[in-house]
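Please study the model shown here and keep it in view while reading.

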Amino acid sequence: MKYPTQRVAFYYFTGAMILFALQVTVGVVAGTVYVFPNFLADIIPFNILRMIHTNALIVWLLMGFFGCAYYLVPEEAERDIESPMLAYIQLGLLMFGAVAAVIGYLFGIHEGREFLEQPLWIKGAIVVVALIFLYNISMTILRGRKTAIGNVLLLGMWGIAVFWLFAFYNPVNIALDKVYWWYVVHLWVEGVWELVMASVLAFLMIKMTGVDREVIEKWLYAIVGLALFSGLLGTGHHYYWIGAPGYWQWIGSIFSTFEVAPFFAMVIFAFTMVWKGRRDHPNRAAMLWSLGCTVGAFFGAGVWGFMHTLSFINYYSHGTQVTAAHGHLAFFGAYVMLNLAMISYAMPYLRNRKPYNQILNMWSFWLMTSGMAFMTFVLTFAGVVQVHLQRVLGMTYMEVQDQLVLFYWMRLGTGAVVVISALMFLYSIYGPARQERPARQVALQPAE
């Protein structure tokens with residue numbers, strides 16, 4: 001750790017991991033409701049479980065992004081964070097808002113808009129948190145060394161804050177509501193979040209491969225250009241059936257097809273950098289999560305997104321388990337794995353240890369990735385059956401749900417695997433920092 005204020009990132013990562021554990025646990029409970037519909041119905045209704053599951057995901061990913069920024073910006077800018085005190089205040093406000101929101105949801109206090117259920121005062125608190133963060137990071141970068149990674153990260157973070165403001169606009173007209181609602185939901189995860197993802201990956205590639213910064217920055221600019229070009233008008237694939245003009249079916253279909261490009265470019269970028277670097281970085285777990293992130297994002301956000309993004313396919317598939325399959329693998333591949341990659345890389349420095357618990361960390365990678373991949377396949381097959389029975393043959397929703405119980409059982413099993421692998425990851429990061437000695441170390445020592 002080169003700069004003392006990078007220590008701030010440790011507490012952001014810890015807060016994120018607490019919410020991560022909550023999110024996957026509630027996800028398993030929600031999955032249980034699919035096979036036992038009355039499970040906890042009188043205590044926590046399913047809509048509240050889903051609300052906590054999705055909101056905890058968004059908040060812990062954002063908290064992880066903040067931690068990534070507080071760790072990498074000092075190294076990029078070559079100076080300490082402008083105000084560590086403000087960073088800690090920001091974290092306290094964010095954690096308080098997250099806990100208050102969850103408690104409020106349990107008592108039915110929410111606004112009801114999907115993903116934007118937070119009460120107005122919590123939305124305002126999020127604005128305050130964003131302003132504190134943007135001041136801290138912007139001043140650190142502006143007063144320090146300017147790099148492409150820092151600039152792209154800053155652009156992504158400003159984009160997150162600006163598009164969040166549309167969460168305050170809640171028109172009575174439901175079609176107009178959805179038009180601007182997607183300004184937050186889509187332009188976050190399929191727009192400015194991709195800028196954050198690209199910049200963090202570029203930082204990790206520089207640190208772990210040794211490839212020249214100039215080469216990595218050229219790739220970074222190309223990926224950012226593709227992400228913005230496709231993501232902005234790609235919002236149109238959400239406008240097909242909400243009462244928007246018909247031309248959005250063409251715009252949405254065409255530009256959504258291009259949304260595969262930046263994720264494919266990330267795969268080529270990461271693997272090319274590792275191949276060119278030809279340097280065995282000791283933190284094998286961080287390298288594995290970084291490479292896995294690009295592959296998971298390509299398949300989850302790219303391939304599975306493309307599978308049902310064209311308007312004439314989406315007409316049948318929207319709102320089915322096909323959407324759930326895409327959503328789970330996209331969030332996991334693109335952003336969950338990104339945060340876990342950065343945490344795996346940074347924690348040895350933040351704890352002042354050499355890379356530790358590598359084997360356990362990598363086992364958690366393979367178990368978690370396998371669980372999420374199988375969950376995606378299960379939900380995809382369930383979605384195909386649902387489309388045929390419900391949208392083609394005309395069976396009622398509940399009749400179709402009875403036919404999907406086997407898929408829901410399999411999804412529940414994969415959810416349990418994900419929880420176990422998440423606990424393994426947490427122990428590998430926060431457990432005893434045991435240094436694993438190479439098997440040949442003794443044999444390589446010179447004889448006395």
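How many of the 17 residues of H5 are buried? Before the answer, some conventions are needed. This is a predicted model, in which local features need pLDDT of at least 70, side-chain atom pairs count only at pLDDT 80 or more, and totals for chains, interfaces and linings use all residues. Residues are numbered from 1 along each chain as its sequence is written, and side-chain values use heavy atoms, with hydrogens and water left out. Helices (H or I, at least four residues) and strands (E, at least two) are DSSP runs, numbered from the N terminus. A residue is buried under 20% relative accessible area, exposed over 50%, and partly exposed in between, with a 1.4 Å probe and protein chains only.

Helix H5 is mostly covered, with 13 of its 17 residues buried. From its first C-alpha to its last, H5 reaches 24 Å, close to the 24 Å expected at 1.5 Å a residue; the expected span is 1.5 Å times one less than the number of residues. Leu153 lies in this helix, which comprises residues 148–164. Leu153 counts as buried because its relative accessibility is 1%. Leaving aside neighbours within four places in sequence, Leu153 is in contact (heavy atoms within 4.5 Å) with Ala69, Leu72, Val73, Val196 and Ser199.

Helix packing comes next. Two packed helices are described by the angle between their axes and the distance between the axes. Axes are lines fitted to C-alpha atoms, for helices over the stretch in contact, and angles run from 0 to 180 degrees between N-to-C directions. Helix H6 (residues 174–209) and helix H10 (residues 284–307) pack at about 145°, and their axes are 11 Å apart. Among the residues that meet there are Met197, Leu201 and Leu204 of H6, and Ala286, Met287 and Ser290 of H10. By class, this contact has 9 nonpolar, 3 polar and no charged residues. Here Ala, Val, Leu, Ile, Met, Phe, Trp, Tyr, Cys and Pro count as nonpolar, Asp, Glu, Lys and Arg as charged, and the others, Gly among them, as polar.

Aromatic rings also connect parts of the chain. Rings of Phe, Tyr and Trp (its six-membered ring) pair if their centres lie within 6.5 Å; planes under 30 degrees apart count as stacked, over 60 as edge-to-face and the rest as tilted. By this rule there are 45 aromatic pairs. One of them is the edge-to-face pair of Tyr11 and Tyr88, with 5.7 Å from centre to centre and 70° between the planes. This pair links distant parts of the chain, since Tyr11 is in helix H1 (residues 8–35) and Tyr88 in helix H3 (residues 84–106), 77 residues apart. Tyr11 is partly exposed, at 37% relative accessible area, and Tyr88 is partly exposed at 34%. Tyr71 and Phe203 also form an edge-to-face pair, at 6.4 Å centre to centre and 80° between the planes. Tyr71 in helix H2 (residues 46–77) and Phe203 in helix H6 are 132 residues apart, and both are buried.

Two loop residues complete the tour. Glu78, in the loop between H2 and H3, has a positive phi near 60° although it is not glycine. Its relative accessible area is 47%, so Glu78 is partly exposed. Asn352 also has a positive phi near 60° and is placed in the loop between helix H12 (321–350) and H13. Asn352 counts as exposed because its relative accessibility is 66%.
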